[in-house]
Amino acid sequence: MRHVYPFSAIVGQAEMKRALLIAAVDPGVGGVMIFGDRGTGKSTAVRAMPALLPAMPVVVGCRYGCDPSANGLRCSECRDRESSGERLRSHRAAVPVVDLPLGATEDRVVGALDLERALARGEKAFEPGLLARANRGFLYVDEVNLLEDHLVDLLLDVAASGENVVEREGLSLRHPARFVLVGSGNPEEGELRPQLLDRFGLSVEVTTPTDLDERVEIVRRRDAFDHDPAGLVARFEHADDQVRRRIVQARKRVTTVDMPDAVLRRASELCLALGTDGLRGELTLLRAARALAALEGHRTVTDAEVRAVAASALRHRLRRNPLDDTGSTARCERALAELFGPAS
Amino acid sequence: MTPVVAPRRTVAELAGAAAAALAVDPRGAGGVRLHGPAGPPRDAWLSALHAMLPPVTPFLRLPASVTLDRLLGGLDLTATLASGRPNFERGLLSRADGGIVCVLMAERLSTALAGPIAACIDTGMAEVERDGFTDRSPAGFGLILLDEGEPDEAPPPSALLERVGLHLDLATLAGAVDFSTASAAEVLAARGRLAAVEVRDADRNAMVATAAQLGVASIRAPLAALRVARCFAALDSRTQLNGEDLALAAALVILPRATRWPEPEPESGEEAPPPEPQPGPDDDVSPGELGDRVVESVRAIVPPGLLELAKDAALRSRVEHRHRSGAEVKSQRHGRPSGNKAGDPRRARVDLLATLRAAAPWQRVRKGGGPGARLVIRRDDLRVRRLVSKVGTTVIFVVDASGSSALQRLGEAKGAVETLLAESYVRRDRVALISFRGTRAEVVVPPTRSLTRARRLLASVVGGGGTPLAAAIEVARELAVTVRRGGGTPLMVFLTDARANVRRDGSGGRPDAEREAGEAARTVAVEQLGAILIDTSPRPSPFARQLTALMNGTYQPLPVADASRVASVVRQAVEG
């Protein structure tokens, strides 16, 4: 079996890890975009997610991984089975983290006519694509800025609506496709259109650590993984277990976390001060702060959580000012310092 | 580990060592970037590598123009037609498992192809989701990037440069050099010993510190260097790394990526330093000190010429243009093919092969078994080519920084560059800036789309001195030609009063300077490059008008130029 580098073994990169955990607790924050230099562990972190996520109940035999709970979303196939009197059985399955390979064609992403069945039996059947496989999980697109625009548009549309609408090759159907879109890319190789960027809930920037000890530790762990993957996985199993427990607890807690009016007002002030366009930034900011509070075991959201997620939730929504070359992260920091006082 | 006492290596010996490391552990080393023209040295290196590899090793040559479906695989047309059911054919990358993939003219490889290759290097698997197929197959290989790029051209895709550990420059060699350092049998034996080679904490610390001292940010570099060092130990039948392994690996992996150069050492440090006996184990020594020793050892073993080269590159890397050339737009009629899509053949070119592919699986059904029937193609099967062409006009500002009014003009030019850059974010244009004064013209801002970078470079431009117009036109023309070669459309914008008074050789004299400027202007017309001359003299100057005519350009007198008017003139030229 292939071993995957454990999430807890990733050195540093706190902001990226936090954003991914927030998305795991509340998929509603709407996707994570990771910008950063090469070799900073972007892909490693996302590919480590499956091991962290607790298994979920899935309808047996459903090709879209439908949720068997009473109020869960059903695909048309599950609805048909239910209305014909069948009792849907469920089993536990791993949360899908689907890696969209570069060079994937649209038919495999969206799904297409099942050629085998069409030819052998003359049936018009749908062969689900990667969007179906990613339902209720994560869809990861490395180098999203290099992906063809029409595919990026499509992914963002589906991610926002939670439904894949297929109209091709004489097929006409729709199926649930709720997933957290995680993109990564290196802005030096081409920027993402601002209107696409805005549709990612959180955006994080990762940089190569400059601290020598930290770098040595990264190389040491990577080396250890290359030589004895099972050993390293075992070493961090306990840490990963703890993260998993935190996610499970936070998911239970997140809907009941209290959001005081004072915090709401602060968030609005912050968005006004930064001049972010639209309400999306503010909503994401609050959702992310709430998820973070849940992760940390708090019952109430405080300024501390808002502050911690502000840069991730807002930096990609700032208007560009050609005459001010301050980075958007620095602008966020400045506004935060003005509003909340200097960073502790 | 003390600084090593080791013979100084020649470029050929270093290249030979790189070939041996690649032969022992192609995946671990990642691969090699082989810079330099096609010729005997490069052929000799490749055949030396060939001779070191076990005989059955796959060795795949990939032209930079390879298509995505050949690379990754897709519907197999012949088999599908023959069997009447969809058949998948694996791509080239899957055939290279355990071997070498060699990309010809890697500087021409598009990022769309680089992505999937990089993913293979990372995971050792080719993962394909194409044409209705899902396929995973092992595809672990070492990558050779044959880079024939000129220094001013865009380098191979950075996603790949980052992942190939070894960087070699053979440009300084001539003739058929002997690169062989190990036999195939020795390589095979070393492969068997590789797993037993131990990397100690001190080795790791030393390599990480070396990378830090030479300003190499990516963590992949020290990782690759350690793997390369292990190959050397395995070849030498050792289970521990020694200083020479580390120094060689650093010279091949870290040194070529250097962006910084530590303080020069006293001359005595250059020659083989006396070996100081180390009393305790290396664990007592700080990583920084270990790094110093490796850097020192690297100094001791690489030829001085190479050292200078790396130093230059490190200094230049701050100015080097790392951006790939212009964005690509989809176009219906022209450009290079980039896949296909279902579409109407009346509005775009038909992709015959793709159309056949789409129709192939259906043939048995459509023909209803009738023998001798021809292909049945329906409208749904029609596929048209998706074409992309590079656009992104690159606006090259050529700014007269001479004389007293320079400051004013420079201010305007800077303002115009910034305004256009802000717009270019939407339009995907690039901007460059050449300034000329005194005796020469220089490229201050290489073509860029990055506002931050341009602003930083702009700030360093100062004014004053004579007007070397001929030199300016020449530098601009060269840059414009380079831009065009990269697929972009250059547009030169001169902001000058055209009072040429410095000749190309730096000497003064108005008549000669004007004659030379005229000659240079004519070459612009010959190359058919777009040019605008914005005359900034108080009264329109006849010579400026004449010069513009020679360039076959657009003349625009603008005695009181301001940034927004300059920008709007350029905008019209770009959009009109």
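In what order do the six strands of the open sheet in chain B run? Colleagues, the order is S15-S14-S13-S16-S17-S18, and the pairing is mixed. Two strands count as paired if DSSP finds at least two bridges between them. Strands (E, at least two residues) and helices (H or I, at least four residues) are DSSP runs numbered from the N terminus.

A word on the source. This is a predicted model, in which local features need pLDDT of at least 70 and side-chain atom pairs count only at pLDDT 80 or more, while totals for chains, interfaces and linings use all residues. Residues are numbered from 1 along each chain as its sequence is written, and chains are lettered from A and ligands numbered from 1 in the order in which they are written.

Consider next strand S16 of chain B, residues 489-496. Seven of its eight residues are buried, so the strand is largely enclosed by the rest of the structure; buried means that 20 or more other C-beta atoms, placed from the backbone, lie within 10 Å of the residue's own. Strand S13 (residues 393-400) of chain B pairs with S16(B) in the parallel sense over seven bridges, and B:Phe397 has B:Val493 in S16(B) as its bridge partner. S16(B) also pairs with S17(B) in the parallel sense, over six bridges, with B:Phe494 opposite B:Leu533 in S17(B).

Strand S17 (residues 530-535) of chain B pairs in turn with S18(B), in the parallel sense over four bridges. There, B:Asp535 stands opposite B:Pro557 in S18(B). Helix H22 (residues 542-551) of chain B lies across S17 and S18 of chain B, at about 175° to S17(B). Such angles run from 0 to 180 degrees between N-to-C directions, with axes fitted to C-alpha atoms, for helices over the stretch in contact.

Finally, the interface. In all, 50 residues of chain B are in contact with 35 residues of chain A, contact meaning that C-beta atoms, placed from the backbone, lie within 7 Å. Helix H7 (residues 111-123) of chain B gives the most to the side of chain B that touches chain A, with six residues. The residues of that side divide into 24 nonpolar, 11 polar and 15 charged. Here Ala, Val, Leu, Ile, Met, Phe, Trp, Tyr, Cys and Pro count as nonpolar, Asp, Glu, Lys and Arg as charged, and the others, Gly among them, as polar.

Notes
Two residues are in contact if their C-beta atoms, placed from the backbone, lie within 7 Å. A residue is buried if 20 or more other C-beta atoms lie within 10 Å of its own, exposed if 12 or fewer, and partly exposed in between; C-beta atoms are placed from the backbone.
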